[in-house]
Amino acid sequence: WVCARVVEEGRKGMLDGAALALVQAGCVSARAHEGMFAYTVEKGDLVLLEAMLKHVRDIPERDLVQALKLVLVDCKRSSMDAFVTHWAAAVPTQAVPDHDAVRRHLLDLILSSPKDHFLLTRALSRLTLKQTLRLLRYCQSLLKMHGVAPVLKLPKLRGARAPSLACVVEWTNALIDAHFSSLVLAKECHGLLKDLKKLTKAETDLARETVSMDGLLQHLIQRKPLPGNPVRPYTVDTLYL
C-alpha cells in the first residue's frame, strides 16, 4: 500500500520516509512494486536509490541503466548534498564523504547488482557515447585496482565494497558489445581501448606464467603425492629377414 501511494501524483514526497524503511527492511520488490525505482531515479533521491540498490535484488537491467545515467551525468548538487547530510547523520564518527566518493559508491552498487548479460547489453545501448566513455573509464580504474600488482587505490565509504573482478569484466564486455561500432569510429576512444588492452594482456601473461604452480600448490595443501609421469603406450616393430 505504501509503495503504491509513494508514486501517486498527489502524495509524492509525503511517504518517502516510510518507503525508505520498507526498502531497508527488505520488503520491496522492483518487479512487484513497479514504478518505485523509476520514481526514485526521477526524483534524484540518492538515499532511497542507495537503499534500493542494497536491498532490492530484482531491479531490471533497464532501470539499472537509468540509475547509471543519473549518477554519471544527471545528478544535481542538491541531491548529492542531501546524501552527504544523511550519511553524516547516520555515521557521525566517519569523515564526511565528498561528491566524488558518493558517485563511486553508487556506481559500485549498480555494478554489483544482479543482471543478465544479454538484457544488460541491450539496455546499455541506450547510453550516449559520453556516458559510455565515463563508465568505461571507471571500469578501467576498477581493473587497475583489482590487478595482481594494483597501481590504483580508490577510497571507499565505510562498509562499502568494490565490485568483484568478474563483475567489472562483465560490465566492460557488455559496454563494448553494446557500443562496438561507436567505440571503433570515435578517435577519442582509441586511447582508452588501448589502455584496456594493455591491462588485460598484463593480467593474462601473468596468469599464463603462474598457472603451472596451481596444481603443485594444491597437492601440497592437500598433502597428496605428486602424480607420476605416465608411461605412454608404444609398439615394437620386428624385422624378419
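User: Which helix holds histidine 117?
Analyst: This is a predicted model. In it, histidine 117 belongs to the helix that covers residues 117–124. That helix is α8.

User: Is histidine 117 buried, partly exposed or exposed?
Analyst: The relative accessible area of histidine 117 is 31%. Buried means under 20% and exposed means over 50%, with partly exposed in between. Histidine 117 is therefore partly exposed.

User: Is threonine 172 buried or exposed?
Analyst: Threonine 172 is found in helix α10, residues 165–178. Its relative accessibility is 7%, and the cut-off for buried is under 20%. Threonine 172 therefore counts as buried.

User: What is threonine 172 in contact with, beyond its neighbours within four places in sequence?
Analyst: Threonine 172 sits in α10. Once the neighbours within four places are set aside, its contacts are Leu136, Cys139 and Leu143.

User: Where does arginine 31 lie, and which patch does it belong to?
Analyst: Arginine 31 is in the loop between α2 (16–24) and α3 (36–43). Arginine 31 is partly exposed, because its relative accessible area is 48%. Together with Arg62, Arg122 and Arg126, Arg31 forms a surface patch of positive charge.

User: Which residues of α3 are buried, and which residue follows the helix?
Analyst: The buried residues of α3 are Met36, Phe37, Tyr39, Thr40 and Val41. After α3 comes a residue with a positive phi, near 75°. That residue is glycine 44.

User: Is isoleucine 221 buried or exposed, and how much accessible area does its nonpolar patch have?
Analyst: Isoleucine 221 is found in helix α12, residues 190–222. Its relative accessible area is 65%, so isoleucine 221 is exposed. The nonpolar surface patch consists of Met213, Leu217, Leu220 and Ile221, and their accessible area together is about 440 Å².

User: How many helices and strands does the protein chain have?
Analyst: Read along the sequence, the pattern is α-α-α-α-α-α-α-α-α-α-α-α. The count is 12 helices and zero strands.

User: What share of the residues in the protein chain is buried?
Analyst: The accessible surface of the chain comes to about 14,900 Å², and 57% of that surface belongs to carbon and sulfur atoms. The chain has 241 residues, and the buried share of them is 38%.

Note on methods. Residues numbered from 1 in each chain as written. Predicted model: local features only at pLDDT ≥ 70, side-chain atom pairs only at ≥ 80, totals over all residues. Heavy atoms only, no water. Patch = residues over 30% accessible without salt bridge, like charges linked within 9 Å, V, L, I, M, F, W, Y side chains within 5 Å. Areas by Shrake-Rupley, 256 points an atom, 1.4 Å probe, with all protein chains shown as cover. Salt bridge = Lys/Arg side-chain N within 4 Å of Asp/Glu carboxyl O. Lys, Arg positive; Asp, Glu negative; His and termini not counted. Charge placed at Lys NZ, Arg CZ, Asp CG, Glu CD. Helix = DSSP H or I, 4+ residues; strand = E, 2+ residues; numbered from the N terminus. Buried < 20%, exposed > 50% of the residue type's maximum accessible area, 1.4 Å probe, protein only. Contact = heavy atoms within 4.5 Å.
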